[in-house]
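Have the structure open while you read.

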Amino acid sequence: MSGFSITEPSRGQKWIAGLLVAGYALITILPLIWIVATGFKSSADSIAYPPKVFFSPTLEGYVNLFTTQTRQTQEFLAAHPPQTWYEEIVHARGLVIAGPSRFGERFMNSVIIGFGSTFLSVSLGTLAAYAFSRFKVPLKDDLLFFVLSTRMMPPIAVAIPIFLMFRALGLSDTHAGMILLYTAVNLSLAVWLLKGFIDEIPLEYEEAALIDGYTRFQAFYKVVLPQAATGIASTAIFCLIFAWNEYAFAVLLTSGTAQTAPPFIPTIIGVGGQDWPAVAAGATIFLLPVMIFTILLRKHLLRGITFGAVRK
Amino acid sequence: MAEIELSGIGKSFGDTVALDAVTLTVPDGAFMVLLGPTGAGKTTTLRIVAGLDRPDAGEVRIGGTAVTGMTPAQRNVAMVFQQYSLYPHMSVRENLAFPLKSPLLRTPPDRIARKVQEVAETLQIAHKLDNRATTLSGGEMQRVSIGRALVRNPAVYLMDEPLSSLDAKLRADLRIELKNIQAGSGATFLYVTHDQIEAMTMATHVGVLDRGRLVQIGSPREIYEDPVSLYAASRLGQPRINLLPADLFGERPPGARTIGLRPEQIHQGEGADSTVTRVEHLGDQTRLHLSFLGHDLITVTDAHTGLRPGDTVKIRPERPFFFDATGARVH
């Protein structure tokens, strides 16, 4: 085929588009590569100037991340030879492992609070969005505006009242409290995003299901939900990213049992000097769940809007 | 199998009156076709019988039971939507099985498989059963949507222009098939169409709707041969009824404003002179366009006619319809 085509870009255009995308991808992925690489560097390599691109990788950072260590005398070290590969790494620096660090717990807190609040935001958001989309709700527009208005200021602007409320209700430093808080913040986004997706699903499908002998809720469950999968998946990712990365409230409202990973990771740096590889290792592990979650839901994100079997 | 009774049904959407005191009985086992142009209230009538819309006034009874407050599922009706409304996330097979799997019917899997296969073969879509609903052509989607109604054995079938996007041959096949299904099962059908051939060939009863009012009910022949108004007369007939000033052919009954002449009501060979303006050979018949005292008429003549444009044909009305200024029939 030659000549002008509205759908098929020319070779040159494809090259330019490819270069632009590759350039953008490189810029966005560089910090990520830098973090992952630093996690495998030795302490000395991590602060070397100019930065080392090629280095001999070590798991020192990861071992430091997951353990607490104490310095021991040469005699003690000689009397207790290392039993495992990670003890060996510590041993080489004249240290022994005293026990596990708190990173594991903090990471689990992030998982519980992040996924818990995402699940709640998306389930409540889907039901609310369906109601706003399908039913005659009195003052619907005002309610929707009110829902949105909770996002018109940065959430941290209400930090003090929330801090006081949490203290009064005994929610400070609890999983339930953090799940509740992140759900409250995410819900407005979830309702608005999902309402858009559900509005796109023609009413005819539900009517057909009602005629086919199903109740309203069954029609919602069997016909609307599968078609809203794309919207639900993308909303879930947005909610998870917010809850997962949230720092300010986590610093303010959690300190121990319910502390999430973001406020914990910076504290690693204080353990025995500036341990950048351990911080980078923590950040790397912290990145994984959102990445895996996004990759798992990628199919839904890319599939786009269902092309319906309704004649317009 | 049940009788449908509508009494005094009213329905408005905002300021628009969709249905105004519609009272209609569809007898058990009848094939009732609703005729009328877009906006006459045909689809609204179906939706009210189905339970998708709630009437502002009046009562719906199916099989003697008042169903006005019931959900569509409780009414046990099947409906074919004009927009197909196939579930896009399901295959054709799943679409057809969906009503059978409902809590209403809870059909055993082997019966579902058998019934789906049977209906798919009737509708000539058996080879597409495992396709996604979204990959079908318009005609195939429409057949699946008819199939979704036919797999069931409901109290009544409601169909909203189910054959409108099929090609001519398939439409003719399915017209006969639907009629056979209805006649064989004794099911009650309420059927909306624009197509007068469907109305004439399938209906046992025709209801003519005009802006939300039911103006005439009768057999297709009654509506055709004895319309109550100019409006009802215009619903049926191909070519359409000719409407001319009442006194064009001389005498007229008192009050008549318009004379209505169907092609067979124009007797050729006697009467006043008219001029042939156009001859359309359709194979089995020939349409003759005539000019008579400055008015255009269309009639039908012998398939092998030798008439040509410019020829003169004598015509006179034979048992014509007369309508008054409001369109009501006066003679």
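Let's start in chain B, where three strands make an open sheet in the order E11-E12-E17, paired antiparallel. Strands E11 (242-245) and E17 (321-323) of chain B sit at the edges with a single partner strand each, so one side of each has no neighbour in the sheet. From one strand to the next, the twist averages 30 degrees. Bear in mind that this is a predicted model.

Inside that sheet, strand E12 (residues 258-261) of chain B pairs with E17(B) over three bridges, in the antiparallel sense. One residue pair to look up is B:Thr258, whose bridge partner in E17(B) is B:Phe323.

Chain B also has an open sheet of four strands, ordered E15-E14-E13-E16, again with antiparallel pairing. Which strands stand at its edges? They are E15 (295-301) and E16 (312-317) of chain B; each has a single partner strand, so one side of each is left without a neighbour in the sheet. Neighbouring strands here are turned against each other by 50 degrees on average, direction ignored. Seven bridges link strand E14 (residues 286-292) of chain B to E15(B), and the two run antiparallel. In this pairing, B:Phe292 has B:His295 of E15(B) as its bridge partner.

Now for the place where the chains meet. The contact draws on 19 residues from chain A and 27 residues from chain B. On the chain A side, the elements giving two or more residues are helix H10 (203-211) and helix H11 (216-227) of chain A. H10(A) gives the most, with six residues. Sorted by class, the side of chain A that touches chain B has 10 nonpolar, five polar and four charged residues.

Staying with chain A, the domain assignment gives domain 1 (11-39), domain 2 (46-101) and domain 3 (104-263 + 290-303). The centres of domain 2 and domain 3 of chain A, taken over C-alpha atoms, are 42 Å apart.

Two packed helices are described by the angle between their axes and the distance between the axes. For helix H6 (residues 103-134) and helix H9 (residues 175-200) of chain A, the axes come within 6 Å and cross at roughly 40 degrees. The crossing of H6(A) and H9(A) is right-handed. Their contact residues divide into 17 nonpolar, 10 polar and two charged.

A:Glu88 is found in helix H5 (residues 85-91) of chain A.

Most residues other than glycine have a negative phi, and most peptide bonds are trans. Here are the exceptions to look up:

| Site | Feature | Value |
|---|---|---|
| A:Tyr49 and A:Pro50 | cis peptide bond | omega about -5 degrees |
| B:Gln238 to B:Pro239 | cis peptide bond | omega near -5 degrees |
| B:Tyr84 | positive phi | about 65 degrees |
| B:Arg106 | positive phi | about 45 degrees |

A:Pro50 lies in the loop between helix H2 (43-46) and helix H3 (60-66) of chain A, while B:Pro239 lies in the loop between helix H9 (230-235) and E11 of chain B. B:Tyr84 is in the loop between strand E6 (77-80) and helix H3 (92-101) of chain B, and B:Tyr84 is buried, with 26 other C-beta atoms within 10 Å. B:Arg106, in the loop between H3 and helix H4 (109-122) of chain B, is exposed, with 9 other C-beta atoms within 10 Å.

Key. Residues are numbered from 1 along each chain as its sequence is written. Chains are lettered from A and ligands numbered from 1 in the order in which they are written. This is a predicted model: local features need pLDDT of at least 70, side-chain atom pairs count only at pLDDT 80 or more; totals for chains, interfaces and linings use all residues. Two strands pair if DSSP finds at least two bridges between them. Axes are lines fitted to C-alpha atoms, for helices over the stretch in contact, and angles run from 0 to 180 degrees between N-to-C directions. Two residues are in contact if their C-beta atoms, placed from the backbone, lie within 7 Å. Ala, Val, Leu, Ile, Met, Phe, Trp, Tyr, Cys and Pro count as nonpolar, Asp, Glu, Lys and Arg as charged, and the others, Gly among them, as polar. Domain bounds come from an automatic or database domain assignment. A crossing is left-handed if the near helix is turned anticlockwise from the far one by less than a right angle, and right-handed if clockwise. A residue is buried if 20 or more other C-beta atoms lie within 10 Å of its own, exposed if 12 or fewer, and partly exposed in between; C-beta atoms are placed from the backbone.
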